[in-house]
Structure formats: C-alpha cells, structure tokens
Amino acid sequence: MVTLLLILLPLLGGLLVMALPEKAARIVAALVAGVTALLALGVASVWGAWPAASFDFLLDWVPAWGLSFSIGLDGLSLPLVLLTIVVAPVALIVSMRRDERRSSILYGLILAMEAGLVGVFAARDAVVFYLFWELALVPVYFIAAFWGGEKRVPVTLKFFVYTVVGSLFMLFGIIYVHGYTAGAHSFALSSFYSAQLPEEAAPWILACFAFAFAIKMPLFPFHTWQSDTYNEAPAAGTILLAALMAKMGLYGAIRWMLPVFPTAFAAWQTVFITLGVIGVVWGSLVALAQKDMKRLLAWSSFSHTGLMAAGVFSLGMLGFQGGIVQMVAHGLSIAGLLLAVDIFESQTGGRQIGAVSGLAHRNGAFATLFVILALSAIGLPLTGGFVGEFLLLLSLSKFGLWWALVGGLGVILGAVLYLQWIRKSLLGPVPSTVAVFKMRPSEAAALTLLALASLALGIYPKPLLELSAPALDAIFHIMGAK
Amino acid sequence: MNEAVLLCLIPALPLVGFLLTGLLGKKLGRGLSSWIGTLTVAASFGLALTLFIAHPDGFAASGLGIQLFDWIPAAGLTIAFGLMLDPLSLIMTLVITGIGFLIHLYSIGYMKHDEGAPRFFSFLNLFVFSMLLLVLADNYALMFVGWEGVGLCSYLLIGFWFTKDEYNAAAVKAFVMNRIGDLGFLLGLFVMVATFGSLSFGEVFAKAGAMEAGAPALTLITLMLFVGAVGKSAQIPLYTWLPDAMAGPTPVSALIHAATMVTAGIYMVIRSHVLYDLAPIALTVISVVGLATAIWAGLIALSQRDIKKVLAYSTVSQLGFMFLTLGVGAYSTGYFHVFTHAFFKALLFLAAGSVIHALSGEQDIRKMGGLAKKLPITYITFLVGTLAISGIPPFAGFFSKDAILAAVYARSPLLWGLSIFAAFLTAFYMGRLFILVFHSKDRTTKGVHPHESPWTMTVPLIVLALGSTAAGFLGMPAVFGVPDWMAGFLAPSAGEYAVGLEEGTEWLLMGISTVVVLCGFIFAVLKYGPGKVVPTEDKKTRGPVRWSLRKFRVDEFYDALIVKPLFALSSWLFGTANDRGIDGVVRGTAGLVAWVGGRVRLLQTGNIVFYLFAMTLGVIVIAAVAALG
C-alpha cells in the first residue's frame, strides 16, 4: 500500500497542481514532493525491520491473461526510488526560479514523471512495467518540447520517436515472453524469470529488450539523441533525463533482461561489454570537444553510463553492486552539476565554457560545491563516484584486464575534462563582466545537499551496499539457475 | 590514553584543522587560521613522538592497528577503514608531521600578506591528512585514498594562486599525470584481488610468501603498482609535472618534494617489498627507470635558470637514486635517502623561498647574486642544504648517498659508475645554484632591497639545517663501527639488508664518491665563481647546453605526440564519426521508414505523440475491457 502511495501521491498531486493557479501550484507541488520524499525516507528507515512483502501491492487486473497490477520494493528498486525522490525536488527548484510560462503545468509534469519513475522501479508485472515506462516518458517529452530551447521541436521529436521505437520492440518482447511462461501464462516478474524460451528465438527477443534499454541508457551507438535533447531541454528536463531517466535503461537490464535471458545474453556478452567500453572512451573524448556546459555533461554522462553498462554486463556481484552505487552516485552528481550549470547560466547569461571565467572570486561556496560534485564525477576516493567506478572496473577486470584498462581510460579523460572545465570557468582572473554571482537559498541548499550526499556515499557506502546486496544476489541466483 | 586512539588522532587532527580553517576561515581570520593549521600538525607530531618514545622499536614487536569501520563491504571483498603502525609507517609519520609542521610554521610568515591564507592552510592540512592516511592505511584500497588525496591536494595547492591561468594549467597537468599512474595502480589492485582475494597488507603478504618467485601474476601486480609510483614520484616518463608544480607557493613545493607526495611511490614499493622480492623483472625495471631518471633530470638541472626549477629537477633526480636503490633490493637504504632528503630538500626549498621573499618574488638566478651578506641565516642554511644534497661529509646526504652507492656497487659496478656520474651532476648543479645566488656579482634588480625573513621563517630553516647535518648519523655504514640504527629499525617492515662488501672496498668507494662530488662542487665554483661572466642570453646557448636548458623538449614531444592528436581525435569523433557516421545511419533509417510510410500512407496525421497516447490508452482499454469481460 505504501508503494502504491509513492506512485499515486505524485501522480494525483501532479494532476491537481496542473489545475491550480501558479502561486498555489508552487506550494502544493513542493508539498507533494516533500510528503512523497518523507514517505520514501520512512520506508528506508523501517527497511529490514519490516518484512519486504509489506510493501507489495497486488490487484488482479485481467486474470485470464495473468495480468495484475503488481508492485513492490526490494533492495534494487529502493535505492533508485530514493534517488528519484531526491532529484525530482531539484527539478522543481530549478523550474521555480525560472518563472516559466504556464508553470503549474510544468510542476505537474515533473510530479507525474516522478510517479512514472517510481512505478518503473516498483513494477513486478511486465505490462505494468511497460505502462510506467511510457508514463515516465510522456511528461519529460512535454517538458522538453514546450519549455525547451530554440530547436526543441525537431530535437525532442527525434528523441521521442527513437525511444518509442525502442519501447515498441520491448512491448513485442514482453508479449512474446508471456507466451512461454509456465501454465496459464502470466506477465508476472516471477513467471518471466522462469519462462523457457525456445533457444533459437531467445537472442532475438533479448535484442528487443536490449534495444529499448540501450536507447534509454544510452549505450553506444544508440546515443545520438542524447546530447541534443539534454541541450534543448530546460534545466529541469535535463536533470530528470540525465539523473533519472537514463537509469531506467540499466535498471531494466538488471531486472527484466539479464535474469530472463541469461543464456542468450552470455553468448553476446562480449559485444555488450565492448559497446559499453567504447562508450566510455567515445563519450569522454567527444566531451572534450564541447563548448557548451550542458553538452559536456551529456557526453560525460554517456561515458559514465558506458562504464556502468560494461561493469554490470561483466556479470559479477561486484559489478552489480558497483552498478547500483554508481547509478545513485552519478544521479546525485549529475543533478548537482546540471543545477550548478543552470545557476551559472542565470548569473552570467550563458553557459559557454570560457565565456566567463574566474567565478571562484565571486562565490567561493559555489565553486567549492561545484568542485566536490565534479570530483565525484571524476571518481575521486571518498566520493560516491569512486566506490561505483572501483567496483565496476574491478568486475570488468575479472572479465578481462584489457577491458578494464580501456574502460579505465575514462578515469584519466574524465579528470582532463572536468579540471579543464573548472580551470576555464571557475578559475582565472577576476571576471570583469560579472559583478555578483548569487545562489538562491533553495538552490544553495539543494547543491549542498547533493554534494554532501556524494561525499557521504563515498565515505560510508555500506548501507547502500548492504541494502542492495540481497536483491542483487537473488537476481544473480536466478541467472545461475537458468 | 589508549594507543589505538592516539593512532586515530594522528590523521584526525589535521583533518579537523582542514575543516575548521576551510569552513570557518573567513571568520577566524588569517592569523588564527594559520596557527590552527600549524598547531594541529604539531599536535600530530607530538602524538607520533609519544608513541615512538613509548615503543622505540616502532611497534615491531607488539604491533598496533585499529579497524574503524567497514568501508566497502562488497560481495566477497570487504575493504576496511583500518589504520596500522609499524616501523616504516611510524618513521614516515614522524617525517610527515615533523617536517610538515616546520613547513606550516614557515608558511605563517610566508603567507602573512596573502588574503587566501585560511584557504592555504586548510589545503596544507588536507595534504598532511591525505599523506598520513596513505602511510597509515592497513590495506591497498585505503592507501589509494591517500594516494589520490595527495594528488588532489597538489592540484589545489599548485593552482593556489588561481588568478593566473598558467598556474592552473600546471595544476591540471600534475593531477592528470598522476591519474595516468593511478590507473596503473588501480589495475594492479584488480590483479591483486584476482590473485589473493584481498587488498589487506597482512593477507596479501602472507599469501604472496607462499608463491614462487617470478610468478606472472606477481610481476604484473608489481609492475602495475610501479606505474602508479612513476606518476606519483615523478619518474620517466611521467616526471614533467613536478618541475611545473613549483607554480604553487614555495612552502607547497617544500611539502610536495620533501615531506609528502613524491615519497609516496618509494613508500609504496618498500611497503610491498614482499611482492617485489618475488618479482625480479619488476626490480630490474625499477632500477633502470630510477637510474635513467637520476641522470636525465640531473642533466636538465645543469642549466635551469629558475631557482625552484633547479631544485625541482634535483628532486626528480634524487628520487631516481632512491628507486635505483629499491631496484637492487636495498629497501632500508632507499628509505634512508628519503629520510635525509626530507630534511635537506625541505631546507633548500624553504631557503629558496626566503630568497624569493627577500627579492619580492624574483626567481631567476640570473637576477640574483651576492646575497650572502644580506641574508646571513638563509645563506648559511642554504649552504648546509647544498653540502648535504651534494653528498659532502659529514652532512646527511653523504651517508645516505654513500649507502646507496655501496648497495649499487654490490649489485653491479657498471650501475655504480653511472650513479657516480649522477652524483657528480648533483654536486655540480647545486654548486652552480649556490654560487649564482649567494656569491657571484650582485645582479639584483635596482630598487629591490633584500631583507632577512621573520623568525617564523628562519627558525624552520635552522632546525632543518641541524637535521640536514645530523640525520645521516642514524644510518652510518658498518665500517665506522657504529650500529646502523636506520636499517635495524626498519628491518621488520623493509626486510633485512646488508651490503656485504669488504671493509677495504667500502672505504675505497666512500673515498671515490667524496672526491667525485668535491670535484663537481669545485668545478662549479670555478666555472661560476667571482669574476666570471655568468648569465647568458637564451639565444647564445648552443649545443647540449641548449638541449638541457630546453629540458630536452620532452613537453613539446608529449604535446605533439599525445595532447594534440588526442584533441584532434576528439573533434573528429564529435564532428565526423558521430554526426555524419552514426547519426547519419539513424537519420537514414528514420528517413527510409518515413519514405516507406509515405508510400503506404500509414502515417495519416504524422503526430507521433498522438500515436503513443493512442497506444498506451489502447493497452489500458483492452486490459480494462478484458478485466470487465
């Protein structure tokens, strides 16, 4: 029931917010996001003390098809739900400052997106998963298409078509797997885990799922929608896309792909890992050529995602655990950096790298927080990024040391990328064109929270590792059993 | 108090100092921040000294360790946040906090007029904390935290005066070159996990002991770890960051070159000596790289014109000596040189800082000269440092260098010959530096009035000069009939080592090396001494001197070979491969579908959002109908 509330609260709250006048919408939106966050934190605080089954919710929908509205939480979904409830308010804070036109709708869409994401992470039934998967897409599409930059229309259309095409393949795959579930057929996660697919069909159906997930992550070479979309979307949209939506792909792979098709995947494992590793190098190299901060972050994100994918696909518990830590760490740091870029843009009038430099002279606190978040992105020890990268690369090295070496190049290139950016934007002579550089209290608070969370995750990752271990172990065993 | 608690306090105090001065620096003000930063390190030194006095054997017998918490408890691999103390980490701690304290004290005067003083002291404290974590960690992963931590701190401090873009560039270069090494270190750790299933010193060394010498896994691990050391300790080919690192305030150079950072690579190899002993190939690589670096950097130092650059290349060269020694298996001897070097290199940098301070920021030795009378304390102490690093008896460097040369000779007279040459270079470029700064004709810019520095700066100089004079007596060779305290103390951590030469040979070697370095020094005096026209214009240098002056153009070489191609590749990937290549295929596919669609007239409205809604709604409606039916 609590899980259902975590979805319904932002969903209904979002719909309500859309109908309200702007001022009321602000307050209600903040309230809804706050209550949802408290609820999720409450779940986290009693986790382990209460049986996990107490968070399950099951409602028969179409018994004849084995379709039910089934949701629940475990150690794999809870961290991502927590990430969602932390990041969605950041998107709200960013859009509240901007005073966008028809902002009530924008706030409502952000909340609806939050609901969709929680649904994706909680779904225990393939159709429910699919529905939430699309539900999470629609709001962010509207956010990008209506509140985005100049080229928003063609760019968001491309993004939309691309991901929808991917989803359609997944839908086909879901229906296909359903036909091979035991007994009277079912869409339930557990039935999917025990489905026995014909050997020759399995790789094709795997490809259907993989296509959808690869676009969402994105995995090389399905990434060409990403940098344009991140760039054109308003800051709130980019934060939702980069910090949260990108995680849906990897989550989907761990939950719905690897345990369903372990044998077929094993045959293609090297290909998947290679794509991930190519993405690491490709992404960070292309990022070096970027002049726009958001595009830089888009490409750097792509690089990080490549490592997460490669590490997870190396199929070791260490890689799975690293994947979870890195999903959270990356979500925190990218949300923080995007927020920082938005503050930067609002205070200097642009986000071209090098157009304004020396901002550390104007606001030391901002510079410090920015550097902490960047260090987490670089994977410096005692930040969350390190724990994730370390475990991912370690797992990758067990697959092959050469892969770890190439994947590890991101460690060097990432340092070049972020430190050059810091050098060009924060350091240097006192800026003559920018007299004041101020953060709003809400922005400063959000930035501080994200930076501190990144540090906390790096200094004491134990709770997250212990929270996720049993769930990952269970998935691991299902894969082994097949 | 419980000794384990004291152990925890040693790194914790500078961490507290970092947080206090970092967060509250503006409120505390310059003076208070400086003293907080200095006293936390002094207190750590006091604690380390207390532990040392209580356990003069460096806990070799009793051992001291504490597990604070599980840092990364992952599947099948739990990494603890644990500290330990043994002779090696204890002596490192004493050097880091002792020399570190003097550098902090010196900085109070040096940074007095700098508005950023609180930030400076917070970074210095973080540096000391990171280095302490590095040497006190009881496993490789935690060591890596300190390892990367000192990299970060050097980045922050080299670019401390961040208004100047040039300094920021040097800071980035330092971090990136370190990171190249760090990737090697990480890969070494991965192979270690695969081989031993653990990263904790105790477990790894115990399991390694049961392995055969020359096992491929051990060779791979040790070589990978050494890649990390090459980056951190500025060896060929990753040394070019260190000379640029002098962009930071001078006390930072002293800290990086003497007490922290660059000695980390040496420490790591000695700490891992159990592994290296079983990897003869790695040891050979280490000695070759070390010797090559010692000579290469010595040659560059011959003609540098920046007082700090000469010292920076001398550090690179001295580190080469240390690695050479580790490569021949004389770990405690290598450490002995780290120990003496910490005194005289800190001294030389701080004295150089005093000169720069006196000349209002001038660093070009062509614009110095004749400073002996104007800066008497600086002069005397710099002389002590010069004699010590050159290896002139009875100063500290003499004993440590002599021990190195003896150990190298015992392995190979050829290596010894090359090392003697490197030692000659050291004496020559240090002699040149000393004469040009303090003796030759006064070439200082008009209007500059050199003045001796305040007591907070001169007291550290005097203390370090005393250390540079006396530190060598802790490791006297056997022929003097005095016990070699250093080797005995370190043996539990670094293994037993005896040079095993005949007494006569040792005396002979000592005589030769003394004569050689004296020759080097005197040669420099004759060449640059009073009456000689010293400085030459850049244009007038020719041949090998020009190559040395231009640092063999290694930076330009790296730029052309790596940096430029990398950025070219970056633009090509972005423009051509990505947009035209991959996205071309995507657009082509979309175009094809649209074309086919147009033919078949499937796309009636062309509104894709509508389709998605229709589809999602469709699924829900079908499901709803089915549910009702």
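**Exercise 1.** Which residue in β2(B) does I72(B) stand opposite?

*Solution.* Start with the ground rules. This is a predicted model, in which local features need pLDDT of at least 70 and side-chain atom pairs count only at pLDDT 80 or more, while totals for chains, interfaces and linings use all residues. Residues are numbered from 1 along each chain as its sequence is written, and chains are lettered from A and ligands numbered from 1 in the order in which they are written.

Next, find the strands. Helices (H or I, at least four residues) and strands (E, at least two) are DSSP runs, numbered from the N terminus. Strand β1 of chain B covers residues 64–74 and strand β2 of chain B covers residues 77–85; they run antiparallel and are joined by nine bridges. Two strands pair if DSSP finds at least two bridges between them. Now look across from I72(B): the residue opposite is I79(B). Finally, go to the turn, where two residues lie between the strands and G76(B) has a positive phi near 75 degrees.

**Exercise 2.** Find the bridge partner of L59(A) in β2(A).

*Solution.* First, locate strand β2 of chain A at residues 67–71, which pairs with β1(A) in the antiparallel sense over five bridges. Then read across from L59(A) to reach F69(A). This hairpin has four residues between its strands, and G66(A) takes a positive phi near 70 degrees.

**Exercise 3.** Describe how α8(A) packs against α10(A).

*Solution.* Step one is the geometry. Helix α8 (residues 202–216) and helix α10 (residues 235–257) of chain A have axes 7 Å apart and pack at about 155 degrees. Axes are lines fitted to C-alpha atoms, for helices over the stretch in contact, and angles run from 0 to 180 degrees between N-to-C directions.

Step two is the direction: α8(A) and α10(A) are therefore roughly antiparallel to each other. (Angles under 35 degrees count as roughly parallel, over 145 as roughly antiparallel, 65 to 115 as roughly perpendicular and the rest as oblique.)

Step three is the residues. Among those of α8(A) that meet α10(A) are L206(A) and F209(A), and their counterparts in α10(A) include M245(A) and W256(A). The residues of this contact divide into 11 nonpolar, two polar and one charged.

**Exercise 4.** How many residues does each chain give to the contact between chain A and chain B?

*Solution.* Count each side: chain A gives 52 residues and chain B gives 47 residues. Residues are in contact if their C-beta atoms, placed from the backbone, lie within 7 Å. On the side of chain A, α16(A) provides the largest share, with 11 residues. By class, that side of chain A has 41 nonpolar, six polar and five charged residues. (Ala, Val, Leu, Ile, Met, Phe, Trp, Tyr, Cys and Pro count as nonpolar, Asp, Glu, Lys and Arg as charged, and the others, Gly among them, as polar.)

**Exercise 5.** Where in chain B is confidence lowest, and where is it highest?

*Solution.* Begin with the average: chain B has a pLDDT of 89, and 93% of its residues score at least 70. Here pLDDT is the predictor's confidence in each residue, from 0 to 100. Then compare the elements: confidence is lowest in helix α23 (residues 608–628) of chain B, at a mean of 66, and highest in helix α7 (residues 216–232) of chain B, at 96. Where pLDDT is low, the predicted coordinates should not be read in detail. For the complex, the predictor gives an ipTM of 0.94 and a pTM of 0.94.

Methods. Two residues are in contact if their C-beta atoms, placed from the backbone, lie within 7 Å.
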